[in-house]
Amino acid sequence: MAVNSAELIEIINLIAHDIQKNRDFLTELDSAIGDADHGINMSKGFKAVTEKISTMADKDCGSILKTVGMTLVSTVGGASGPLYGTAFMRAGQAVGDKQQLGFEDIPILLDAALEGIKMRGKAVKGEKTIIDALEPAVEVLKSSPMDIKLMNAAVKAAKDGVEYTKGIIAKKGRASYLGERSLGHQDPGATSCYIMLSSTYKAILDRNN
Ligand code: ADP
Ligand code: MG
């Protein structure tokens, strides 16, 4: 796999498309344990991202990812904006000025994204957040040499992580105000994280076939 800047922009546009498609679903999840805006926040942020990166095909991959991050920070009002924004900015720093990305870059950039979210949000696994989907995926990606099958396994781990959020009490973010009443509900942020990983996997799979 080799993804150049134009192809990276296509992958990010696919993520934006899938976020848009799941806008109402994410908002519905957030209405049960938050303030009913996660889908609205994410779709607003990624709409701005799509516009911003449309002219960046001649820029390096790190600059594109950093622009995604800065755009999310500046356009998303909710907690998810700074968290995902930091994730993309850290991913951009990790790949630097590369003009193309390979399979081996995926664990590096997702690990940097995870560390960014942890640094910004101070959450650990088991607190019903984005981390519950992202960390298991990164653990899989770091477990053996990178290929498309490992990427598929990582996406499955993220999906299991989303399921896991249903059985735990929220300890971070708005949902934590609910305490035990957050039990039984799927976390919106873990869900949007799974959607983004799944979109990325699909985009890479399509390119490899
Ligand atoms: P807000 O809670 O400000 O309305 P959103 O609704 O857009 O923001 O995002 C809510 C999601 O943010 C939650 O479902 C959770 O996954 C995630 N989240 C909240 N706080 C944290 C944190 N400290 N670390 C990681 N993720 C978090
Ligand atoms: Mg919300």
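Student: Let's start with Gly126. Where is its place?
Tutor: Gly126 sits in the loop between helix 6 and helix 7. Keep in mind as we go that this is a predicted model.

Student: OK. Is Gly126 buried, exposed or partly exposed?
Tutor: Gly126 counts as partly exposed, because its relative accessibility is 21%. The cut-off for buried is under 20%.

Student: Which residues does Gly126 touch, not counting residues up to four places away in sequence?
Tutor: On that count, Gly126 touches Asp132, Tyr164, Ile168 and Ile169.

Student: And how far is Gly126 from Ala79?
Tutor: Their C-alpha atoms are separated by 18 Å, and the two residues are 47 residues apart along the chain.

Student: Let's look at helix 6, then. What span should helix 6 have, and what does it have?
Tutor: Helix 6 has 17 residues, so at 1.5 Å a residue it should span 24 Å; its end C-alpha atoms are 24 Å apart, which agrees.

Student: Which residues in helix 6 are buried?
Tutor: Among them are Asp105, Ile106, Pro107, Leu109 and Leu110. Further along helix 6, Gly116 and Ile117 are buried too.

Student: What covers the buried residues of helix 6?
Tutor: The cover includes helix 4, helix 5, strand 2, helix 7, helix 8 and helix 9.

Student: What does the backbone do just after helix 6?
Tutor: Lys122 is there, and it takes a positive phi of about 55 degrees.

Student: You mentioned helix 8. How many residues does helix 8 have?
Tutor: Helix 8 runs over residues 148–165 and has 18 residues. From its first C-alpha to its last it reaches 26 Å, close to the 26 Å expected.

Student: Which of the residues in helix 8 are buried?
Tutor: The buried ones are Leu150, Met151, Ala154, Val155, Ala157, Ala158, Gly161, Val162 and Thr165. Looking down the axis of helix 8, these buried residues fall within an arc of 155 degrees, so they line one face of the helix.

Student: Why do residues three or four places apart point the same way?
Tutor: An α-helix has 3.6 residues a turn, so residues three or four places apart point the same way.

Student: What about the other side of helix 8? Which residues are exposed there?
Tutor: Lys149, Lys156 and Asp160 are exposed on the other side. As for the buried residues of helix 8, what covers them includes helix 6, helix 7 and helix 9.

Student: What caps the N-terminal end of helix 8?
Tutor: Asp147 does, with a side-chain oxygen 3.1 Å from the backbone nitrogen of Lys149.

Student: New topic! How many aromatic pairs are found in the whole structure?
Tutor: The search finds one aromatic pair. It is made by Phe46 and Phe88, whose ring centres are 6.2 Å apart and whose planes are at 70 degrees, so the pair is edge-to-face.

Student: Where do Phe46 and Phe88 lie?
Tutor: Phe46 lies in helix 3 and Phe88 in helix 5, so the pair ties together parts that are 42 residues apart in sequence.

Student: What else is in helix 5?
Tutor: Thr86 is found in helix 5. Thr86 is buried, with a relative accessible area of 6%. A polar atom of its side chain lies 2.6 Å from the backbone oxygen of Pro82.

Student: Leaving aside neighbours within four places in sequence, which residues is Thr86 in contact with?
Tutor: Thr86 is in contact with Val73, Gly116, Met119 and Arg120.

Student: Last topic: which residues coordinate the magnesium ion (ligand 2)?
Tutor: Asp30, Asp35 and Asp37 coordinate the magnesium ion, at 2.0 to 2.2 Å. Along the chain, these donors follow the spacing D-x4-D-x1-D. Asp30 counts as buried, at 10% relative accessibility.

Conventions:
Residues numbered from 1 in each chain as written. Chains lettered and ligands numbered in written order. Predicted model: local features only at pLDDT ≥ 70, side-chain atom pairs only at ≥ 80, totals over all residues. Heavy atoms only, no water. Helix = DSSP H or I, 4+ residues; strand = E, 2+ residues; numbered from the N terminus. Expected span 1.5 Å × (residues − 1). Buried < 20%, exposed > 50% of the residue type's maximum accessible area, 1.4 Å probe, protein only. Arc of directions from axis to C-beta. Contact = heavy atoms within 4.5 Å. Polar contact = N/O pair within 3.5 Å; in protein donor to acceptor, adjacent residues only side chain to side chain. Phe/Tyr/Trp six-rings, centres within 6.5 Å; stacked < 30°, edge-to-face > 60°. Donors = N, O, S within 2.8 Å, 3.2 Å for Na, K, Ca; no water.
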